[in-house]
Amino acid sequence: MRYAVIGDGVAGTMAAQALRNADSSAEVHIFSEEPYPYYRRPMLWEFIAGQVEQDAIFYRPLTWYDEHSIALHLATSVATLAPQEHRLGLADGSTIAYDRLLLATGARPFIPSCMGAELAGVFTLRTLHDALAIKAYAAQSSTCVVIGGGLLGLETARALTTAGLDVTVVEYAPYLLPRQIDSDGAAVLQALLEQQGLHIICNAQTDVILGAGAASTIRLKDGRTLPADIVLFSTGIRPETSLAQTAGIETNRGVIVDRHLQTSAPDVYAAGDVAEFEGRVYGIIPPSIEQARIAAANMVNAGSATYAGTVPTTTLKIAGADLTSLGDALEREDTCQVLHRSGPTPGQYRRLVVRDGRLIGAVLLNDRKDVRPVSQLIERHADVSAHIEQLLSDEFDLQRLLL
């Protein structure tokens, strides 16, 4: 049996490891456009900030792949896919046959149309190559504008502040992290980040990036200008579906998969940022890992494992702000019972969402001790209706509801 995995991000690497563990006699091949083995993408910010060396971000040394008989093909682009023939065409003109294939092609950064985006000093951050370029450019820069106040934008902004730049975050929405937190919690978060030295402008839109060959200034739609030696777009991602589309595999926003993570093509599976399950592309690490393991199980033994979706969990960990958003954290008060409070200590915020007596979502800002029990309550669909009045109290032990 020969298994092929396209992509060596978290989904591709975890799937390859699971394939090897489940089928010790098979061939396992990973094809990656990047020249590096799998690295921890969330550590790119620490690398930019100078807090870790490059070697520290790699998950496994290259020798690990050889030791586990996983053929890692780096700097190798898959140009074509012929599902009916069970064959891949590589960019160098060679071909390789496979028995089962996993698409783990991930996603690419989305850059909205903006004049000046082609100037030197304008970046996105998705790969180690991007991080190396940003780190080198930052060493000769003093000001930065990050366009986008989502998780990636804020983590990168903080990293560049730590590296010594004066950083402004420009967010189109009325407040930060509109996909993870409500307006009340965002106000608490923004105050924390501003105390850490970030400048934040919400409800604003970039008009043009100005500069003679290299970025120097950003002009906003309202006419304000901001100094910017570096401009970093952090405006979302789009699943990398081009290979699947040209192969005739069904796609929508991502590559559509069923509960076995199988695509519309025979013996072709998908996992991670490229996969779309029941209309949803998660775009975060926990579902990528879960999907990788389930896809690998089905590649070895078809139909042996099912995927029912993942309770989304996103985190932001930068100085002064430890934020976790769980489940359906932003459901409206007209459809659910929403409990929220600030404090009791400055910089703390808690929002709990209850539907039909069951906890379905939460926002916990600098409230780390209850992340685990809240996550478990959501996963178990636990009935908390008898304790509604106590859920916001620091004295109430949420763990008791799990007994």
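The legends below describe close-up views of a predicted model. In this model local features need pLDDT of at least 70 and side-chain atom pairs count only at pLDDT 80 or more, while totals for chains, interfaces and linings use all residues. Residues are numbered from 1 along each chain as its sequence is written, and side-chain values use heavy atoms, with hydrogens and water left out.

View 1. Threonine 80 has glycine 89 in β5 as its bridge partner. The hairpin has 4 residues between its strands, and histidine 86 in the turn has a positive phi of about 55°.

**View 2. The hairpin of β5 and β6.** Strand β5 is also joined to strand β6 (residues 95-97), by 3 bridges in an antiparallel arrangement. Leucine 88 has isoleucine 96 in β6 as its bridge partner. Between the strands of this hairpin lie 4 residues, and glycine 93 takes a positive phi near 95°.

**View 3. Tyrosine 59 in its loop.** Tyrosine 59 is found in the loop between α2 (44-49) and α3 (62-67), the helices being DSSP runs of H or I of at least four residues. Tyrosine 59 counts as partly exposed because its relative accessibility is 28%, which falls between the limits for buried (under 20% relative accessible area) and exposed (over 50%), computed with a 1.4 Å probe and protein chains only. From C-alpha to C-alpha, tyrosine 59 and leucine 193 are 30 Å apart in space, and they are 134 residues apart in sequence.

Note on methods:
Two strands pair if DSSP finds at least two bridges between them. Helices (H or I, at least four residues) and strands (E, at least two) are DSSP runs, numbered from the N terminus.
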